[in-house]
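Here's a quick briefing to read with the model open in your viewer.

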Amino acid sequence: IFLSLILLSGCTDYLDRQPLDQISSGTFWKSKADFEMALTAIYGQNTAGASWDNPPGGIWAYHLPNWDNLTDNSYGQHDYFGSKSIVSGEITPTSGGYVSDVYRVSYAGIARINIFLNQLANYNGSDLSDTEKKNFEAQIKFFRSFYYFQLYCAYGEVPLVTEPLTVENQAQPKVTADKIYAQVISDVDFAINNLSTASFYSSTGRVVKTTAQALKARVLIYQAYGNNGTPDLTLLGQVKSLCQEIMPKYELSAVFENVFQDKGQAGNKEIIFSVNYLAPDNVPAYGTDLIYGDWIVVSPLQSFVDSFECTDGLPWGVSPLTDTANPFTNRDPRLNKTVFVNNPDWGGGNVHFPTNGRPTGYGLKKFLCPENVPYGYSTLSQQDAVVFRLAEILLMYAEAQNEIAGPDTTVYQVITDIRARVGMPAYPAGLSKEQMRERIRHERRIELAFEGLRYFDLKRWHIAGTVLPNVTDGKLAYKWEDKFYHWPLPEQEIDKSHGTLIQNSDYN
């Protein structure tokens, strides 16, 4: 025993050593390079998507099109993220998919962000200037604002956590929704005031001031419709001002599909923020081309296809250009750039034949790259996931200004610019505010299809209860209850809190 004690005492220094094969908290946060590495990792969380059942921040990146499976735009035959249950109104505290993933993924990101901010505040190294520290803080707070906005939209009342948690305080109560909203605005305002004023297309993938302004505009236009769909003109005035600051700094891409295909994205002056990928090491799990072009994870509905106008600007079926034998003829060119029939055909014999069926007869073409045919497991899909772009800003400006002042010349002009890009005619003169409102909402559905916005548009306008139950071609019965404007908190999170976290009242 005596000899053993001597031997153990001699091993004390050895046993206290940090592991040499991995980074530990004791050896990290010691230099500017460490903070840059951690910052890159937080950006990287948004690119990740290890699997459909365990999706890190990729649910707001290359998974964005799947959100439209919750709407009148498309059907999700594989039920990824629980889309079928949500559409069918089977939303409970024990639901998986989006109902639990938004909570889990958001707080995983917020936890990393809070640790980063805590370490940054306590760092005194001379290799990181005050200006650089503020810029790092601004980038990180942009992401925290983004995550809390997703939580706000999904659940309303959730825990507000802005510091690293410990074992003692890990069970956090929820706060009122207005406090979450206030945190979203506080973080995004800090980002706006401290981020680089350079354009995103010259920023090597880092968020910039205009990125944060775009996020704030999206937050405010969501908030502006309150609990009943009646617009708050003061908030819409702020949306208008933000859009006016952003618009002169970006340009619509001359070619619509260049925004979404790898070959047209580098330096694209329409993109205000995208989640960046680079083959062969940093590509989406499975690949964008594989999941949308081969698995047919998203199947556009016939009613969505029918919503595209003819080239004369008149509705399909009303226009004299309607050709029922050739339904893609004489149509808004965005139809053929967004949807494929049966097989993605890029012309010249470059055709992909999907291994999965097309339950609606249609597949999603918008985010596919023609050079990657045939789509399969070996395809290195490195097209970036576009999260903010100028077309959305123009449409937010048009919506806000129309509600404030009616369809003035500026409203007509931004819509004309969007439609002219694909050769579609301008809107007819003399539209009323109400007529222009419906036109703008239709334009958002067409222009921004499968960019993860339609579900939230239906919610913020408070028309989900009108639109969704009337979908008759969705391959399953749509059901909507007003309590779905906020989802239940995941039951497993409530159980882990031992009663500290209280369920949303509609789901008790």
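The largest nonpolar core in this predicted model has 150 residues, and Trp-67, Phe-116 and Trp-487 make the most contacts inside it. Helix H6 (residues 130-155) gives the largest share of this core, with 14 residues.

**Around the core**

- Asn-114 sits in helix H5 (residues 98-121). Is Asn-114 buried or exposed? With 2% relative accessibility, Asn-114 counts as buried, because the cut-off for that is under 20%.
- Beyond its neighbours within four places in sequence, Asn-114 is in contact with Arg-144, Val-161, Thr-162, Glu-163 and Pro-164.
- Val-219 belongs to helix H8 (residues 209-223), and at 1% relative accessibility this valine counts as buried too.
- If you skip neighbours within four places in sequence, the contacts of Val-219 are Phe-149, Tyr-181, Val-184 and Ile-185.
- For a sense of distance, Val-219 and Gly-430 are 31 Å apart in space, C-alpha to C-alpha, and 211 residues apart in sequence.

**How H8 meets H9**

- The axes of H8 and helix H9 (residues 233-246) come within 9 Å, crossing at roughly 155 degrees.
- Why do H8 and H9 count as roughly antiparallel? Their crossing angle is roughly 155 degrees, and angles over 145 degrees go into that class, so the two helices are roughly antiparallel to each other.
- The crossing of H8 past H9 is left-handed.
- On the H8 side, the residues that meet H9 are Thr-210, Gln-213, Ala-214, Lys-216, Ala-217, Leu-220, Ile-221 and Gln-223. Their partners in H9 are Leu-235, Leu-236, Gln-238, Val-239, Leu-242, Cys-243, Glu-245 and Ile-246.

**Cysteines**

- How many disulfides are there? The count comes to zero, with a disulfide taken as a pair of cysteine sulfur atoms within 2.5 Å.
- Cys-243, one of the H9 residues that meet H8, has its closest cysteine sulfur in Cys-153, and at 17 Å that is too far for a bond.
- Cys-243 counts as buried, with 0% relative accessibility. Cys-310 counts as buried as well, at 0% relative accessibility.

- Ala-279 and Pro-280 are joined by a cis peptide bond, with omega at about 5 degrees. You'll find Pro-280 in the loop between strand E2 (271-275) and helix H10 (288-294).
- Another cis peptide bond joins Val-373 and Pro-374, where omega is about 0 degrees. Look for Pro-374 in the loop between strand E5 (362-364) and strand E6 (385-389).
- Asn-330 isn't a glycine, yet has a positive phi of about 60 degrees. The loop between helix H11 (302-306) and helix H12 (334-338) holds Asn-330, which counts as partly exposed at 32% relative accessibility.
- His-462 is also a residue other than glycine with a positive phi, near 60 degrees. Its place is the loop between helix H16 (454-460) and helix H17 (464-467), and at 22% relative accessibility His-462 counts as partly exposed.

Key. Residues are numbered from 1 along each chain as its sequence is written. This is a predicted model: local features need pLDDT of at least 70, side-chain atom pairs count only at pLDDT 80 or more; totals for chains, interfaces and linings use all residues. Side-chain values use heavy atoms; hydrogens and water are left out. Buried means under 20% relative accessible area, exposed over 50%, partly exposed in between (1.4 Å probe, protein chains only). A nonpolar core is a set of buried Ala, Val, Leu, Ile, Met, Phe, Trp, Tyr and Cys residues joined through side-chain atoms within 4.5 Å. Helices (H or I, at least four residues) and strands (E, at least two) are DSSP runs, numbered from the N terminus. Contact means heavy atoms within 4.5 Å. Axes are lines fitted to C-alpha atoms, for helices over the stretch in contact, and angles run from 0 to 180 degrees between N-to-C directions. Angles under 35 degrees count as roughly parallel, over 145 as roughly antiparallel, 65 to 115 as roughly perpendicular and the rest as oblique. A crossing is left-handed if the near helix is turned anticlockwise from the far one by less than a right angle, and right-handed if clockwise.
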